[in-house]
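Okay, thanks everyone for coming.

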Amino acid sequence: MKINLISDTVTKPTKGMLAAMFNAQVGDDVFKEDPSINELESKVAKLFNKEAALFFPSGTMANQAAIKLHTQPGEQLICDKYAHIYNYEGGGVSFNSGVSCKLIDGHRGMMTADQVEAAINPPDFYHSPLTTLVSIENTTNKGGGACWDFEELVKIKAVCKKHGLAYHLDGARLWNAMVAKNENPQQYGDLFDTISICFSKGLGCPVGSVLVGDKETIHRALRVRKVLGGGMRQAGYLAAAATYALDYHVNRLAEDHNKAIEIGKVLEGLAIIKKVEPIETNIIIFEIDDRLLTADHFLEKLRNHNVYIIGMGQGKLRIVTHLDYTDEMHHEFIKILKSL
Ligand SMILES: *Cc1c(COP(=O)(O)O)cnc(C)c1O
């Protein structure tokens, strides 16, 4: 039995999801004539209490489009040093938007409103780039699936308002945060100018992300998506998967979180583990005591048991639980860990 825990993106569509995809009504979405895409977009916009939404092929493209929509070349955005937009989007912030990042040294990928305010360049000091956007991530990926304290997000919103900055949320795993903290999409929609959400992570879809915002912003996003090559034709088959996931795969995220917490407890009990970061959702980040075993050797031991996880650099290892990680695999993995 292969146990793949490298990411929550490795899932394959469930039977119900495949049936929904096969039965989808489709049309040419570049002409906005795909009923399944239109249905998904209005459903997601409504969930977040936003005016409009747009379907994207990836979370990266949705984030990059949002950055393009909120900035002009030469300007600067503020984000945490762990941010996905800075670390894992191929340098897209500069490539697509000609924008630089002011990095905040936050805690597990999360910064405070005071840190954000201190990072804003004075707008009349023309020597430094003009700050125009704040981007945050919930849950944080490199931060180990940590969830923000909603009150801090509200405080950052106040800073954005005071200084006229746009506010974007990279919500690739926002569903995980909302399930873990018992929050709702409307709270987030009311706070942020734009939010990107992924269907290809915990929700188990093969492909797809959505960007929500006001009508004018999402209308402009249509052109940016076209420029980035993200205008797709009969993509309703993918939207049907996302609509299905909203109905059937959101609440079950709690199961992924419970399994992650159980794995964390077992890891903490192992002599070879130096540190396990706090687990709030479906991501476990931990370190091996390299006096006893190297991280590479640990990965190899797991591979020999047909278990796959990945390194995050600097000796950190990552496990991600997901829809295709069954109870049977969980019991097997716990057994394997205890035998190491
Ligand atoms: C996965 C992810 C994205 C989007 O990545 P894609 O590979 O384009 O799906 C964006 N932000 C975060 C935090 C992510 O984990």
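Let's start with helix α10, which runs over residues 215–227. That's 13 residues, and in this predicted model the helix reaches 19 Å from its first C-alpha to its last, close to the 18 Å expected at 1.5 Å a residue. Now, which residues of α10 are buried? They're Thr217, Ile218, Ala221, Val224 and Arg225. If you wonder about the spacing, an α-helix has 3.6 residues a turn, so residues three or four places apart point the same way. After the helix comes Gly229, with a positive phi near 80°.

Keep α3 in mind and move over to the ligand. The shell around the ligand takes its largest share, 3 residues, from α3. Among the residues around the ligand you'll find Ser58, Gly59, Thr60, Asn63, Glu89, Glu137, Asp170, Arg173 and Lys201. By class, the shell has 1 nonpolar, 6 polar and 5 charged residues.

A ligand oxygen is 3.4 Å from a polar backbone atom of Gly59. A ligand nitrogen is 3.4 Å from an N or O atom in the side chain of His84. And a polar side-chain atom of Asn141 lies 3.1 Å from an oxygen of the ligand. On its own the ligand exposes 380 Å², and the protein buries 83% of that.

Last stop: Thr281, in the loop between β9 (273–276) and β10 (283–288). Buried or exposed, what would you call Thr281? With a relative accessible area of 0%, Thr281 is buried. Its side chain reaches the backbone oxygen of Gly145 at 2.7 Å. Leaving aside neighbours within four places in sequence, the contacts of Thr281 include Thr139, Cys147, Asn176, Asp256, His257 and Ala180.

So let's hop to Ala180, which is in helix α8 (residues 174–181). Ala180 is partly exposed, because its relative accessible area is 37%. Not counting residues up to four places away in sequence, Ala180 touches Cys147, His257, Glu280 and Thr281. Cys147 and His257 are also on the contact list of Thr281. And one distance for your notes: the C-alpha atoms of Ala180 and Ala146 are separated by 10 Å, with the two residues 34 apart along the chain.

Definitions and conventions. Residues are numbered from 1 along each chain as its sequence is written. This is a predicted model: local features need pLDDT of at least 70, side-chain atom pairs count only at pLDDT 80 or more; totals for chains, interfaces and linings use all residues. Side-chain values use heavy atoms; hydrogens and water are left out. Helices (H or I, at least four residues) and strands (E, at least two) are DSSP runs, numbered from the N terminus. The expected span of a helix is 1.5 Å times one less than its number of residues. Buried means under 20% relative accessible area, exposed over 50%, partly exposed in between (1.4 Å probe, protein chains only). A residue is near a molecule or strand if one of its heavy atoms lies within 4 Å of it. A polar contact is a pair of N or O atoms within 3.5 Å; within protein, one must be able to donate a hydrogen and the other to accept it, and residues adjacent in sequence count only if both atoms are side-chain atoms. Accessible areas come from the Shrake-Rupley method with a 1.4 Å probe; for residues, only the protein chains shown count as cover. Ala, Val, Leu, Ile, Met, Phe, Trp, Tyr, Cys and Pro count as nonpolar, Asp, Glu, Lys and Arg as charged, and the others, Gly among them, as polar. Contact means heavy atoms within 4.5 Å.
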